[in-house]
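Student: I am new to this structure and would like a close look at one part of it. Could you walk me through a single helix and the elements around it?

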Amino acid sequence: MYWMYALIILSLLALYYFQDGSQSKETDWSDFEKAALAGDFDKIAVMASNGTAEGILTQQGAKNQKFDMSPTFSGEKKLITTIPSSDKIQDKIDAWNSQLAAAGKPEIKVVYEKSSDLMKFFWYFGPLILIVGFMLYMSRRMSSGAGGGGIFNVGKSKAMVFDKDNGTNVTFEDVAGLSEAKVEIEEIVEFLKNPQRYTDLGAKIPKGALLVGPPGTGKTLLAKAVAGEASVPFLSMSGSDFVEMFVGVGAARVRDLFKQAKEKAPCIVFIDEIDAVGRARGRNPNMGSNDERENTLNQMLTEMDGFQSNNGVICLAATNRADMLDKALLRPGRFDRQIYVDLPELSDREAIFKVHLRNIKVNSKLDVEQLARQTQGFSGADIANVCNEAALIAARNNKKSVDWDDFMAAIDRIVGGLEKKSRIITDDEKKAIATHEAGHATVTWMIQYGNPLVKVTIVPRGRALGAAWYAPEERQIIPTQALLDTMCGLLAGRAAEEVFLGQIGTGASDDLEKCTKIARSLVLVYGMSDKLPNLNYNDSSGQDMGFTRPYSEETAQIIDDEIKRIINEQYERAKSILKEYARQHNEIRDQLIEHEVIYHDDVERILGPRKWVSRTDEIIALNKKQEEEEKRAKALGIGTDADKLPEPQAVANDDDDDDTPPPFAPRK
């Protein structure tokens with residue numbers, strides 16, 4: 001590359017110095033004087049500082065002095081001489097002008113110039129200095145963009161190194177919830193701290209662990225905690241850092257990363273968002289396949305478990321797109337463990353709230369458990385955002401502490417959007433919105449699997465004109481009736497408009513979209529349709545690109561008919577419930593029109609207590625009962641049921657030749 005730069009510089013210098021079209025010749029004083037008396041000069045430039053004079057020739061003078069008159073040299077032609085005396089040069093020029101005037105020739109103009117060696121230096125070498133400076137500037141820019149080592153070190157890895165002297169401030173105490181994932185991660189750190197404890201039993205240290213889960217659940221936070229807790233070097237790098245515009249750079253950086261890791265072994269290598277380079281190979285090769293990315297993946301596979309061993313190096317990686325990863329990357333020997341970091345449960349959300357509320361001045365009466373119940377489906381990042389937003393709202397209202405109303409406003413702000421106070425709503429529109437939201441509240445309250453209601457509002461937020469807020473149940477297995485009840489509750493708003501207003505509006509588009517998705521899942525994914533039972537047409541592996549359908553046209557027609565049937569049945573069911581409880585619905589509607597927001601207690605006063613106890617209340621009651629029993633047993637000195645189990649009996653050695661197993665031998 002530098003030879004190329006040198007050739008460019010020489011070419012520019014040649015163009016600058018030799019292709020400007022000017023010519024000059026040095027001559028002695030007598031010939032210079034003859035040329036002046038012959039009228040060949042148009043102007044003379046006298047430089048007294050260095051005792052020289054330059055005579056600028058006319059066209060005829062240039063021909064007389066035998067200069068090249070071709071178009072290539074169309075610039076000035078000069079005769080340069082050393083003047084005998086700078087004091088008497090003007091007298092000489094005056095005498096020449098007198099003789100030229102007598103001969104009828106034009107006089108010679110005289111210019112006195114101050115010239116210095118420094119000016120000459122910059123004149124001759126200034127362009128070269130500018131070019132060299134520009135080269136150095138570009139070289140530094142390329143160095144900063146190529147891993148800090150210049151264009152020739154572009155293959156070096158950009159991994160950040162953390163060790164006991166330069167670690168992060170995050171510890172496992174900052175990671176609330178995720179108890180199972182923390183156990184796995186802490187065990188990996190323990191492998192590197194005390195490997196002898198495991199190798200003495202013949203166990204092999206796992207090569208890697210993959211953190212998988214939705215965005216915001218704490219995968220990168222767990223890795224930061226490992227970097228803060230581990231007493232071994234920790235190398236962190238993003239999957240996108242391997243991808244560059246140069247061919248072969250990704251594979252070179254993988255080699256350099258594992259080379260550093262082996263030199264620092266035992267250590268941990270963390271690759272965040274590994275799906276940037278770990279995507280499955282060979283999938284749809286004729287449509288934009290990236291060979292460079294595949295080469296990087298091949299090098300990573302070889303480094304993790306190839307011909308050469310990398311003992312003492314454990315790889316951690318995080319992704320929320322595990323279905324896109326290559327199967328070779330997930331096999332045992334590379335990523336031995338896949339740790340699923342799911343959305344936090346109720347107890348985990350309560351612990352996460354307590355972590356994020358450490359530095360926030362909250363009201364002493366704040367119920368953190370109820371906050372956790374109100375944020376079902378929130379990730380750890382969402383909960384952190386709720387806490388911060390609540391503190392901002394409290395500060396905006398000049399409060400001394402953050403209370404329950406601030407958290408509710410923060411949840412409304414995050415889920416529903418900013419309150420649209422400037423939106424103008426007519427009385428007819430307000431009545432239609434109140435009728436719609438009261439329909440949701442009434443039907444959801446009267447069905448078995450309806451989610452517990454928190455509040456109903458007709459205050460516009462974001463793109464929504466109104467909303468009914470619920471505390472959704474946390475279910476591991478959802479029965480068919482629960483899905484049907486959810487659809488019935490979603491369609492209740494549109495049904496209320498038809499029953500009580502006699503016309504429908506466009507406000508139910510989001511409800512219809514959600515309802516259609518549930519009905520499609522019932523038929524295509526869960527196999528809950530009467531005409532297509534026990535069939536699943538969903539491709540969970542992601543291999544199907546969607547160009548062909550895994551069913552015939554006749555089956556497609558049946559699917560459409562079943563989706564329509566399920567939705568229509570739940571719509572008619574919602575209408576029948578609303579007609580049965582029309583008086584209560586109208587009372588809820590009137591309360592909404594008057595107050596704009598009504599809460600759980602208001603709905604319970606109008607509709608009466610619910611017939612079914614929510615699953616969340618059952619779980620909380622069971623947890624409290626279990627805690628009370630444990631406290632009572634501890635106070636009485638009684639052990640748990642596990643303590644009462646008989647200890648295993650040792651089996652005596654039988655020297656007889658009888659092959660009959662002893663009575664208490666374990667089953668094979």
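Tutor: Among contacts (heavy atoms within 4.5 Å) in the protein between residues at least 6 apart in sequence, 74% join residues at least 24 apart. Of the 668 residues, 38% count as buried, where buried means under 20% relative accessible area, exposed over 50% and partly exposed in between, with a 1.4 Å probe and protein chains only. The protein has 22 helices and 14 strands; these are DSSP runs numbered from the N terminus, H or I with at least four residues for helices and E with at least two for strands.

A word on the model first. It is a predicted one, in which local features need pLDDT of at least 70 and side-chain atom pairs count only at pLDDT 80 or more, while totals for chains, interfaces and linings use all residues. Residues are numbered from 1 along each chain as its sequence is written, and side-chain values use heavy atoms, with hydrogens and water left out.

Now let us look at helix α21, which spans residues 600–607. Its buried residues are V603, I606 and L607. They lie on the same side of α21, because they cover an arc of only 80° around the axis, the arc being that of the directions from the helix axis to the C-beta atoms.

What do the buried residues of α21 pack against? Their partners are α16 (427–446), β12 (453–457), α20 (582–595) and β14 (597–599). After α21 comes G608, with a positive phi near 85°.

Two of those partners, β12 and β14, belong to an open sheet of 3 strands in the order β13-β12-β14, with antiparallel pairing; two strands pair if DSSP finds at least two bridges between them. β13 (467–470) and β14 are the edge strands, each pairing on one side only. On average, neighbouring strands of this sheet are turned by 15° against each other, direction ignored. The antiparallel pairing of β12 and β13 runs over 4 bridges, and T457 has A467 in β13 as its bridge partner. Helix α16 packs on the sheet, where it touches β12 and β13, and its direction makes about 30° with that of β13. Such angles run from 0 to 180 degrees between N-to-C directions, with axes fitted to C-alpha atoms, for helices over the stretch in contact.
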